[in-house]
Amino acid sequence: MGTAGRSPVERKLDILRDHEWAGPLPIYAYLVEHPEGAFVVDTGDRARNSDRDYPPKLNPFFQRKVKIEVAPEEEVGPRLSALGVDPARDLRAVVMTHLHHDHTGGLYHFPHTRVIASDACLRAARRQRGLIGAMPGRWPRWFDPEPFRFDAGPVGPFPRSAALTEDGSIRVVETPGHMIGHVSLVARAADVTYLVAGDVSYRERNLLADAVDGVTYDGATSLRSQHAVKALAAEEPCVLLPAHDPDVPRRLEGRICMPGAKVSA
């Protein structure tokens, strides 16, 4: 976690100076099923990111502070196939919460699938040129995502959204902070809302404690996004599904909602 009051540059320097490892964390991609079609949210990382020649060679962040251990069979394509889902034919779209390497590594499994991402996030990733987090040089050549259209109405405290389904039950809301243009997906079922939150927080307990991660480009912006997530959970039952929280399987299976919201029996 980042130190409160530190600037974005200072937060990055803190990461490089810190010699302690955070311990193993999962990298989740999510399959969201809906009568109008199935969506994959984020694509995880790929096995090749463990190769010495894959990350930017002169970048200390990738060379010293990131250790990826993804087996080929753990990538999103084989995992979907194991579920009986054809990545090329059975998906309505791939939805990107943001474009850091551990969310874009599996893009190459989806050359024939519609991919949607924030235009602001795409521009930011290209400007960074692999400085930290994103690796545009490793994106597939065909990668040209469709931008979200934030022309739908508000979702709880979020002033606008992008509707992904005609019935409006799956929408994307803006949750910037961890990265410019970061978004989260809100999927409303009959009696519970699933918030697929990318890296709005690494863990639910961090979000509840108002702890902001060190990678964020703007701590205050991240905190506002986290507060909006908590405000939504106060209005309706929400199961929070970040990309790296080891407690996600338990919460997902038990439909365990964030504090402030209850699910009906």
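Biologist: Are Tyr28 and Tyr30 buried or exposed?

Modeller: This is a predicted model with residues numbered from 1 along each chain as its sequence is written, in which local features need pLDDT of at least 70 and side-chain atom pairs count only at pLDDT 80 or more, whereas totals for chains, interfaces and linings use all residues. Side-chain values use heavy atoms, with hydrogens and water left out. A residue is buried under 20% relative accessible area, exposed over 50% and partly exposed in between, with a 1.4 Å probe and protein chains only. By these limits, both Tyr28 and Tyr30 are buried.

Biologist: How many aromatic pairs does the count come to?

Modeller: Rings of Phe, Tyr and Trp (its six-membered ring) pair if their centres lie within 6.5 Å, and the planes are called stacked under 30 degrees apart, edge-to-face over 60 and tilted for the rest. Under this rule, the number of aromatic pairs is four.

Biologist: What is the angle between the planes of Tyr28 and Tyr30?

Modeller: The two rings form an aromatic pair with 6.0 Å from centre to centre. The geometry of Tyr28 and Tyr30 is tilted, and the angle between their planes is 50°.

Biologist: What is the centre to centre distance of Trp139 and Phe143?

Modeller: With 70° between the planes, Trp139 and Phe143 form an edge-to-face pair, and both residues are buried. Trp139 and Phe143 also belong, with Trp142, to one aromatic cluster. For the pair of Trp139 and Phe143, the centre to centre distance is 5.0 Å.

Biologist: Which ring does the charged end of Arg46 sit over?

Modeller: A charge sits over a ring if NZ of Lys or CZ of Arg is within 6 Å of the ring centre and within 35 degrees of the ring normal. One such arrangement places the charged end of Arg138 over the ring of Tyr54, 4.7 Å from its centre. For Arg46, the distance to the ring centre is 4.0 Å, and the ring is that of Tyr108.

Biologist: Which residue of β2 is the bridge partner of Leu31?

Modeller: Strand β1 (residues 30-32) pairs with β2 in the antiparallel sense over three bridges, and the two form a hairpin with five residues between them, where Gly37 in the turn has a positive phi of about 140°. Both faces of β2 (residues 38-41) are covered, with Ala38 and Val40 buried on one side and Phe39 and Val41 buried on the other. The bridge partner of Leu31 is Val40.

Biologist: Which residue in β3 does Val41 stand opposite?

Modeller: Strand β3 (residues 91-95) pairs with β2 in the parallel sense, over four bridges. In β3, the residue opposite Val41 is Val95.

Biologist: Why is one side of β6 and of β10 left without a neighbour in the sheet, and which position do they hold?

Modeller: These strands belong to an open sheet of five strands with mixed pairing, in the order β6-β7-β8-β9-β10. Because β6 (162-163) and β10 (238-242) have a single partner strand each, one side of each is left without a neighbour, and the position that both hold is at the edges.

Biologist: About what angle does the direction of helix α7 make with that of β10?

Modeller: Helix α7 (residues 219-235) packs on the sheet and touches β8 (183-188), β9 (193-198) and β10, where contact means heavy atoms within 4.5 Å. Axes are lines fitted to C-alpha atoms, for helices over the stretch in contact, and angles run from 0 to 180 degrees between N-to-C directions. The direction of α7 makes an angle with that of β10 of about 150°.

Biologist: What is the relative accessible area of Asp42?

Modeller: Asp42 is found in the loop between β2 and α2 (60-64), and has a positive phi of about 65° although it is not a glycine. Asp42 is buried, with a relative accessible area of 2%.

Methods
Pairing = 2+ DSSP bridges.
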